[in-house]
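Biologist: Could we go through this structure together? Please start with any term I will need.

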Amino acid sequence: MLPSSMPMVQLLVYAGRKQARPIAIPVAFLAGYAVIWTAFAAGAFLGDTLVHRLVALWPWLAVHSWLIGAVTFFIAGLFQFSPLKERCLDMCRTPLGFFLHYYRKGVGPAWQLGVRHGGYCLGCCWALMLVMFGVGVGNLAGMAALTGVMVIEKTVPGGKRLSPFIGIMLLLLGVLWLAHPVWLRVAGI
């Protein structure tokens, strides 16, 4: 999700150029940002591993494993309507406002800003990222579509209006996944 955070990085490069260590400011920000996303990736990997173990241990779930994808779509679809999603998107959509409110000089504060911004970015996108895992990271078309949705939601004027439509579409895909899982397998999802 770093591409959608580039306006914030540009602000830090600009603000850091007159400080004692101008290169260290954006690097510290990016390190804090990376810590958040790395922690999420580790958690998602652990969760995926646990789901696979559960499928292996529970024969009923192994036969009905398509329910995992449907539940993932439902979670992501419902999250699109949550106040937390909206708050996080508001923080990410206005990088200058976020910067002016939270920026402090120094490498340590830049790292803290990266952690904070990474947390809001994660708050915007975690559910859609789970859908990416559900669709399959090998499905490039699905990955590209979800990435495009996340970038548009966060960076394009009017992206805020996209969130409910995406939520409805995800909920409908969850219903479709429940109603006809064989069709989805044929489609390669």
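Modeller: One definition comes first: a residue counts as buried under 20% relative accessible area, as exposed over 50%, and as partly exposed in between. Please note also that this is a predicted model.

Biologist: Is Trp 60 buried, exposed or partly exposed?

Modeller: Trp 60 has a relative accessible area of 44%, so by those limits it is partly exposed.

Biologist: Which ring does Trp 60 pair with?

Modeller: Trp 60 forms an aromatic pair with Trp 58. The ring centres are 5.6 Å apart and the planes make an angle of 35 degrees, a tilted arrangement. Trp 58 is partly exposed as well, with a relative accessible area of 43%.

Biologist: How many aromatic pairs are there in the whole structure?

Modeller: The search finds 8. Ring pairs also join Phe 98, Tyr 102 and Tyr 120 into a cluster.

Biologist: Turning to the helices, at what angle do H4 and H9 pack?

Modeller: Helix H4, residues 66-79, packs against helix H9, residues 162-179, at about 160 degrees, and their axes are 7 Å apart. Angles over 145 degrees count as roughly antiparallel, so H4 and H9 are roughly antiparallel to each other.

Biologist: Is the crossing left-handed or right-handed?

Modeller: H4 passes H9 in a left-handed crossing.

Biologist: Which residues make the contact?

Modeller: On H4 they include Trp 66, Phe 73 and Phe 74; on H9 they include Leu 170, Leu 171 and Trp 177.

Biologist: How many residues of each class does that contact have?

Modeller: The contact of H4 with H9 has 13 nonpolar and 4 polar residues, and no charged ones.

How values were computed
Residues numbered from 1 in each chain as written. Predicted model: local features only at pLDDT ≥ 70, side-chain atom pairs only at ≥ 80, totals over all residues. Heavy atoms only, no water. Axes fitted to C-alpha atoms, helices over the stretch in contact; angles between N-to-C directions. Helix = DSSP H or I, 4+ residues; strand = E, 2+ residues; numbered from the N terminus. Parallel < 35°, antiparallel > 145°, perpendicular 65-115°, else oblique. Left-handed = near helix turned anticlockwise from the far one by under 90°. Contact = heavy atoms within 4.5 Å. Nonpolar A, V, L, I, M, F, W, Y, C, P; charged D, E, K, R; others polar. Phe/Tyr/Trp six-rings, centres within 6.5 Å; stacked < 30°, edge-to-face > 60°. Buried < 20%, exposed > 50% of the residue type's maximum accessible area, 1.4 Å probe, protein only.
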